[in-house]
Amino acid sequence: PEGIQRLLHRRELQRLTGLAGESEAMREVLVKIEQMAPVSSTVLIEGESGTGKELVAHAIHVMSPRKSKPFIAENVGALPETLLESELFGHEKGAFTGAAERRIGRFELADTGTLFLDEIGEIPIGTQVKLLRVLEQREFLRVGGTHPIRVDVRVVAATNQPLRDLVEQREFRPDLFYRLNVLSIYLPPLRDRGEDVPHLVRKFVMDYSAQHDRPFHGISADAMQLLMEYPWPGNVRELRNLVESMVVLSPGHELRPEDLPRQIREGAGA
């Protein structure tokens with residue numbers, strides 16, 4: 001019964017988090033999420049693009065005491081420095097040209113909840129200093145502001161490049177790295193957990209068949225074998241996009257190897 005309990009528990013975790021897979025690596029990720037969720041320490045999630053880092057961050061939030069509070073996500077790598085500070089900390093009216101009204105930043109919006117900062121390795125050194133100060137003192141100034149604003153925010157950060165390497169290259173502040181890396185989770189690439197591919201395919205087929213109201217006639221063993229052998233440079237995101245297109249364009253019979261895109265048929269044996 002204990003084994004069955006564990007299995008049921010894991011199924012429930014997978015349902016809650018959206019993280020599918022039976023590999024040892026994914027089991028470890030789920031165990032870590034469970035251990036980390038109840039506390040409010042900062043978490044650093046490392047892994048290649050497309051491995052599901054935002055899913056992990058959201059899972060930590062929904063399994064935490066903060067689950068009924070805001071979960072705010074921001075891709076900090078996509079913003080120039082001037083815009084980034086206003087986005088994170090907000091700005092006062094007239095703080096700079098074009099600041100026609102006061103803006104509330106992500107830290108304030110996430111107060112009492114969780115703030116997910118994706119691509120944290122991309123943020124400029126100047127903003128790193130300010131981010132460190134917020135993490136240490138739990139307060140900040142809006143751009144152009146004079147009154148410190150106090151917040152209670154749990155920060156979960158993610159990066160697709162190892163932060164330790166960036167610290168060694170002097171592109172990332174070591175003090176901020178240690179402040180973010182209190183708890184850490186590594187998400188392995190899909191090519192290192194090929195046995196999870198059938199589970200993910202089944203999950204995505206169910207999701208997209210329901211979403212697009214399309215019957216799906218299944219996948220032949222040969223086609224599934226090709227999917228398991230393909231190295232998935234775009235990771236789970238690439239697999240999910242492929243499954244969606246297969247469901248939408250499915251030819252009305254069981255999917256065979258010749259129905260798969262050429263790069264998958266050719267890349268599987270490579």
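This is a predicted model: local features need pLDDT of at least 70, side-chain atom pairs count only at pLDDT 80 or more; totals for chains, interfaces and linings use all residues.
Let's start with strand β6, residues 154–159. Six of its six residues are buried, so the rest of the structure largely encloses β6. Both sides of the strand are covered: R154, V156 and A158 point one way, V155, A157 and T159 point the other way, and all are buried.

| Strand paired with β6 | Sense | Bridges | Residue and its partner in β6 |
|---|---|---|---|
| β1 (residues 43–47) | parallel | four | I45 with A158 |

Now for the cores. The largest nonpolar core has 29 residues, and F107, I120, F172 and L180 have the most contacts inside it. At least two residues of this core come from each of α4 (81–89), β3, α6 (125–137), β6, α7 (163–168) and α8 (174–180). Of these, α6 gives the most, with four residues.

L180 is worth a click. Setting aside neighbours within four places in sequence, L180 is in contact with T42, V43, L44, I120, L135, V155, A157, L163 and F172. Apart from this core lies another, of 25 residues, with V197, V201, I219 and W232 among them.

Last stop, P257, which sits in the loop between α11 (235–249) and α12 (262–267). Neighbours within four places in sequence aside, P257 is in contact with S220, D222, A223, L226 and R265. From P257 to I120 is 39 Å in space, C-alpha to C-alpha, with the two 137 residues apart in sequence.

Definitions and conventions. Residues are numbered from 1 along each chain as its sequence is written. Side-chain values use heavy atoms; hydrogens and water are left out. Buried means under 20% relative accessible area, exposed over 50%, partly exposed in between (1.4 Å probe, protein chains only). Two strands pair if DSSP finds at least two bridges between them. Contact means heavy atoms within 4.5 Å. A nonpolar core is a set of buried Ala, Val, Leu, Ile, Met, Phe, Trp, Tyr and Cys residues joined through side-chain atoms within 4.5 Å.
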